[in-house]
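This report describes selected parts of one structure. The sequence and the model are shown first.

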Amino acid sequence: MKVLITGGCGFIGSNFIRYFNTKHPYYKILNVDKLTYAGNLENLKGIERKRNYRFIKADISNTKVMKNCFEKFRPDAVINFAAETHVDRSIVGPSPFIKTNFLGVGVLLNLALRFQIKKFLQISTDEVYGSILRGSFTEHSPLNPSSPYAASKAAADALVMAYYRTHGLPVLITRSSNNYGPYQFPEKLIPLTIINALNNKKIPLYGDGKNVRDWLSVEDNCEAIDIVFQKGSIGETYNVGGENELTNIYIVRKILKILNKSESLITFVKDRPGHDRRYSLSLSKIRRQLDWHPTTSFRKGMDKTIDWYRKHQKWLRNCQTGEYRTFYRKHYSKLGLQEF
Ligand code: NAD
Ligand code: TYD
């Protein structure tokens, strides 16, 4: 089996390649990644020397280059992780989100059709459903995205399903909740809180800090993605959640407690525009049909994550490129914060 994996140098993609390679050592993997600020070759240290793994630096929205990848590698399947992923960035600059998350998926779908791919798995998000105050979203809930990021992912899901209905392309979609774990870029809530707490820096909490996210360990998500890839029914979408709904303030307090740091580091800042109050997924479909459920407890996953970030200070310093600093100086000064 030859699998083209896109966005494999990012957080979930790199965890997945490591998991997938261990689970299926005879599969051939081609990882195509643009290496944006969020992509890092260091995330795949050790894997790059394997004989069944290859990497190409390329943009999924570039038809010519991607056609070349398909022609040379002749994949049996595609798993698409590549995306612009940070909601705050999509608010100030949506264009790369539209280009990669929507047009890029269009390029991959056209090529998948042309090269008669046997499986196309799109990695999507619970954010496509929007916010829900009570109850949980099923796979049949209407899409109601709030941010440009979520809208670009919802548009991609619609396009993926259109290729299934119109052309019979064998597609699958996973929609997961917020992941946490090793290798997550330090602009997201959990790594940002850990790093700032370790360095006694302020931790920005948007609004009243009571927004709820369902936290899923990245290892559990990798397992679910593999199960959907192997056993999922073609044309179907599967929610993947952690059954771990927590407020942001709870998470930040918990991390501070584990690290023995003062709660005075918490700084309430102006809310994110269009900030979804609560995400919640029903997992009954994936439980019933594929016999999968999350197994990592939040405490165990969090201890492991904190330990990983403590031990990877060099990795962290390498994330702080000029691009990262320029964006966050601007972003934080707008929030009334000084520096990170
Ligand atoms: P990430 O930002 O850490 O990594 C994204 C990767 O995609 C990077 O390696 C980047 O270089 C690459 N990339 C970006 N644009 C590209 C392009 N045009 N061509 C090729 N590569 C490109 O993201 P992540 O958190 O690992 O998310 C992976 C996928 O999972 C995304 O599709 C995201 O929407 C989805 N998802 C993430 C979460 C989460 O909590 N992180 C939750 C649900 C769904
Ligand atoms: P984030 O990690 O950006 O994921 P998403 O917006 O995709 O859910 O944010 C998780 C939650 O934490 C979200 O409700 C926004 C909030 N948040 C803060 O309060 N402060 C921060 O500095 C960040 C990055 C996020």
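The sections below cover a group of paired strands, a loop residue and the surroundings of a ligand.

## Basis

The structure is a predicted model.

Strand E4 covers residues 77–80. Ala-77 and Ile-79 point one way from this strand, while Val-78 and Asn-80 point the other way. All of these residues are buried. In a regular strand, side chains alternate between the two faces of the sheet.

E4 pairs with two strands described here. Strand E1, residues 2–6, runs parallel to E4, and four bridges join the pair. In this pairing, Thr-6 has Asn-80 of E4 as its bridge partner. The pairing of E4 with E5 is also parallel and has four bridges. Here Ile-79 stands opposite Leu-121 in E5.

## Ile-117

Ile-117 sits in the loop between helix H4 (95–114) and strand E5 (119–125). Its relative accessibility is 4%. Because buried means under 20% relative accessible area, Ile-117 counts as buried.

Leaving aside residues up to four places away in sequence, Ile-117 touches Phe-70, Pro-75, Asp-76, Ala-77, Val-78, Ala-112 and Pro-170. Val-3 lies 114 residues from Ile-117 along the chain, and the C-alpha atoms of the two are separated by 9.8 Å.

## Surroundings of ligand 2

Ligand 2 is surrounded by 16 residues, of which the closest are Glu-127, Pro-204, Arg-213, Arg-272 and His-275. By class, this shell contains six nonpolar, five polar and five charged residues.

- Glu-127 has a polar side-chain atom 2.5 Å from an oxygen atom of ligand 2.
- Arg-213 has a side-chain N or O atom 2.8 Å from an oxygen atom of ligand 2.
- Asn-178 has a side-chain N or O atom 2.9 Å from an oxygen atom of ligand 2.

Ligand 2 taken alone exposes 510 Å², and the protein buries 96% of that area. Helix H6 (189–198) and strand E8 (203–206) are the elements that give two or more residues to the shell. E8 gives the most, with three residues.

Methods:
Residues numbered from 1 in each chain as written. Chains lettered and ligands numbered in written order. Predicted model: local features only at pLDDT ≥ 70, side-chain atom pairs only at ≥ 80, totals over all residues. Heavy atoms only, no water. Buried < 20%, exposed > 50% of the residue type's maximum accessible area, 1.4 Å probe, protein only. Contact = heavy atoms within 4.5 Å. Near = heavy atom within 4 Å. Polar contact = N/O pair within 3.5 Å; in protein donor to acceptor, adjacent residues only side chain to side chain. Areas by Shrake-Rupley, 256 points an atom, 1.4 Å probe, with all protein chains shown as cover. Nonpolar A, V, L, I, M, F, W, Y, C, P; charged D, E, K, R; others polar. Pairing = 2+ DSSP bridges.
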